[in-house]
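Open the model in your viewer and have a selection tool ready. The tour goes from one stop to the next, and each stop says what to select.

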2 protein chains.
Amino acid sequence: MTSYTFTEEKLRNFTRNVFLKMGCPPADGDLATDVLLSSDLRGIDSHGVARLSGYIRLWEKQRINATPNIRVVHETPTTATVDGDAGLGLVVAPFAMKVAIEKAAIYGTGWVAVKNSNHFGIAGYHALMAVEKEMIGISMTNASPLVAPTYANERLLGTNPMCYAFPAGKYPPVVVDMATAAAANGKLEIAQRANLPIPEGWAQDKNGKISTDPNELKAGGSLLPLGSDKDHGSHKGYGLSATVDILTAVLSGANYGPWVPPFVAFLEPSANPVGEGLGHFFGAMRVDGFRPAADFKQHLDNWIERFKSAKTVDPSKKVIIPGEPEYAFEQERRVSGIPLVEPVVLDLNELADKLGIERLSV
Amino acid sequence: MTSYTFTEEKLRNFTRNVFLKMGCPPADGDLATDVLLSSDLRGIDSHGVARLSGYIRLWEKQRINATPNIRVVHETPTTATVDGDAGLGLVVAPFAMKVAIEKAAIYGTGWVAVKNSNHFGIAGYHALMAVEKEMIGISMTNASPLVAPTYANERLLGTNPMCYAFPAGKYPPVVVDMATAAAANGKLEIAQRANLPIPEGWAQDKNGKISTDPNELKAGGSLLPLGSDKDHGSHKGYGLSATVDILTAVLSGANYGPWVPPFVAFLEPSANPVGEGLGHFFGAMRVDGFRPAADFKQHLDNWIERFKSAKTVDPSKKVIIPGEPEYAFEQERRVSGIPLVEPVVLDLNELADKLGIERLSV
């Protein structure tokens, strides 16, 4: 597929202009831009600027509030619940993580549940905010229902990602950032565009039958939890996704399970919600709350070296340290730019015309 | 296979006698017994009294200290690191979870990393200690290296379980308690006894080839992470297992990765350890640190009801709430007793003869 490469600066300006047109205060626009660009820089193309027109459509439907009054509504020394006031998750989530980090600086750890928010971009961005402060960062969100729990023939859970990020010494941070489904929707979309079947174990059709057709989800089917089927531990993927749903939403007062508002604007949210918006959960733990940070980093470096040098089945493939490929993408794309596939560029320029901002010239 | 059923009381007395012969102080013997029996009661037969002779063999090798000086060696208001002094994990883990709960009672949350410990039984026991106090409980441990990370042909990680437990209202607690491997070793042992093949995706042979032979692990093969292969997300299972390894051991000062001391006494621990013993990690979060506990429980009940009543692919199978089957086992076995298969009874009576305690009469 044709793609065009843009400098980071060019995409930043474009994205900031979109958020300003939405009515975001400039600081919020900058922050939301930074979260989205971080996704594109890190090679997670599905969660970056490709989603801009989706955010705009939600705003047009008044499901995103561009000038939210984000605030702590409940707290103890190390916990808080944040009401996102229907703001962009891209802005609400960093606010909440900042609260967690401030609590951790004083008490060792900080934990924040968030309700009344929207899609927050990549989980890794928020967890890495803690890593910059020599803390372990934890970040989770629930999401539009697309996944059927083990045995179910209903979409009851989102791809509900969880992320754990750890500061290393001479290596990049270890960042485990993963959807709790066998494969996220973005992978099905790639197979759709390429007209290729998907592996058995990613999706079932609307009758609950395992299918290799990448269009099944659009036809009423469901994604499957990590593990794919009961024999291979899909109850564990379902359990992880349930954990994320409970921590992000049952704990915060957001919507959970099938009540989570869909990301796509053409689907209406539930008429009988059980909470407000969607939910996130964040944690920050000072490494030196457990052992001197230098000791932790030295041992994490040793861990990394041991795993990187592991004997592999295929000598041409090395064991990958979680977060390492994304870090490598970021180094490279900061220099050589960010490639966007043609349909994304067309979509963004259509958006530019609608909003009356400068197009991305190719 | 022939099995014999014993009352809970009978197995408690037997188990307590074993720990007393080991030299445990009576209170520690009672506690260790409670943890092991909880596993048998909850239907997790692999982690209960069936392991008693394994603990004794480690004690005989002086790898378990029956009279440990378990203590906090580092702390902040909400974090602590505990040195288990090579004690039974069955005793060290409840000590550490109690520290977490005490901190949570004051500050909202408490987090404890543990080094220099041993096998701690089922993760669920410890997490449920928090649930009794209207807290969310979190419990993790690393374990003997048996699992190959994605692409690896080496055992670098344990089955490293993670557990999250949540208090509900009218329903039993939701308890997600799962190994991060596709299947734990206990399932291979069942297939070995029954002389049946295992599903593709649980194990690879010593050359890294996927195998359905349940004896492969004993022949130098490896277990596979949850997800089984890269296409089905094994990098996610590997990432979760890595998260557990880092939180339990790199953070606490325990051994990690391939350096974790093996549970079986016939394998020697590494001659060049990178830490002390194996590691655990515990967390306790007051539910009312985020929202009133009654609100949380009411919504968790609603979550449970919605998932239990989900439409299923096979109408004879319902969606299972994590922790529900174990709770049902516990109710039933408290009344009707705990069945043990014949080889376990023979092994326990051999142990009784060796230690000079009363046998289990069948």
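Leaving aside its neighbours within four places in sequence, which residues is A:Ala249 in contact with? Select A:Ala249 together with A:Asn142, A:Ala254, A:Asn255, A:Tyr256 and B:Arg291, which are its contacts under that condition (contact means heavy atoms within 4.5 Å). This is a predicted model, in which local features need pLDDT of at least 70 and side-chain atom pairs count only at pLDDT 80 or more, while totals for chains, interfaces and linings use all residues. Residues are numbered from 1 along each chain as its sequence is written, chains are lettered from A and ligands numbered from 1 in the order in which they are written, and side-chain values use heavy atoms, with hydrogens and water left out.

**Stop 1: around A:Ala249**

A:Ala249 is found in helix α7 of chain A (helices are DSSP runs of H or I with at least four residues, strands are runs of E with at least two, and both are numbered from the N terminus). A:Ala249 counts as buried because its relative accessibility is 0% (buried means under 20% relative accessible area, exposed over 50%, partly exposed in between, with a 1.4 Å probe and protein chains only).

**Stop 2: the interface**

Color the two chains separately. In chain B, 92 residues are in contact with 92 residues of chain A. Between them the chains bury about 7400 Å², 67% of it on carbon and sulfur atoms (buried area is the accessible area, 1.4 Å probe, that two parts lose on being put together, summed over both). Select B:Tyr151, B:Lys236 and B:Phe290: in chain B these lose the most area to chain A, together 10% of what that side buries.

The interface holds 40 residue pairs in polar contact, both residues being at pLDDT 80 or more. A polar contact is a pair of N or O atoms within 3.5 Å; within protein, one must be able to donate a hydrogen and the other to accept it, and residues adjacent in sequence count only if both atoms are side-chain atoms. Elements that give two or more residues to the chain B side include β4 (109–117), α7 (234–250) and α8 (293–308) of chain B. Of these elements, α7(B) supplies the largest share, 12 residues. By type, the chain B side divides into 52 nonpolar, 27 polar and 13 charged residues (Ala, Val, Leu, Ile, Met, Phe, Trp, Tyr, Cys and Pro count as nonpolar, Asp, Glu, Lys and Arg as charged, and the others, Gly among them, as polar).

**Stop 3: salt bridges**

How many salt bridges does the rule find across the interface of chain B and chain A? There are 2 (a salt bridge is a side-chain nitrogen of Lys or Arg within 4 Å of a carboxyl oxygen of Asp or Glu). Select A:Glu154 and B:Arg306, whose closest N and O atoms are 2.6 Å apart. Then select A:Arg306 and B:Glu154, which also form a salt bridge, 2.6 Å from N to O. A:Arg306 lies in helix α8 (residues 293–308) of chain A and B:Glu154 in the loop between β5 (135–141) and β6 of chain B, so this pair joins two chains.

Over all chains, the whole structure has 38 salt bridges. One is between A:Lys115 and A:Glu276, with closest N and O atoms 3.1 Å apart. The pair links distant parts of the chain, 161 residues apart: A:Lys115 is in strand β4 (residues 109–117) of chain A, and A:Glu276 is in the loop between α7 (234–250) and β11 (278–286) of chain A. A:Lys115 is buried, at 16% relative accessible area, whereas A:Glu276 is partly exposed, at 33%.

In chain B, select B:Arg71 and B:Asp83, a salt bridge of 3.9 Å from N to O. B:Arg71 is in strand β2 and B:Asp83 in strand β3 of chain B, 12 residues apart. B:Arg71 is partly exposed at 36% relative accessible area, while B:Asp83 counts as buried at 7%. Back in chain A, select A:Glu8, A:Arg12, A:Asp34, A:Arg42, A:Glu330 and A:Arg334, which a network of salt bridges links.

**Stop 4: strands**

Select β1 (residues 3–6) and β12 of chain A, which run antiparallel and are joined by 4 bridges. A:Ser3 has A:Val341 as its bridge partner in β12(A). In strand β12 (residues 338–341), A:Ile338 and A:Leu340 are on the covered face, A:Pro339 and A:Val341 on the uncovered one.

Conventions
Pairing = 2+ DSSP bridges.
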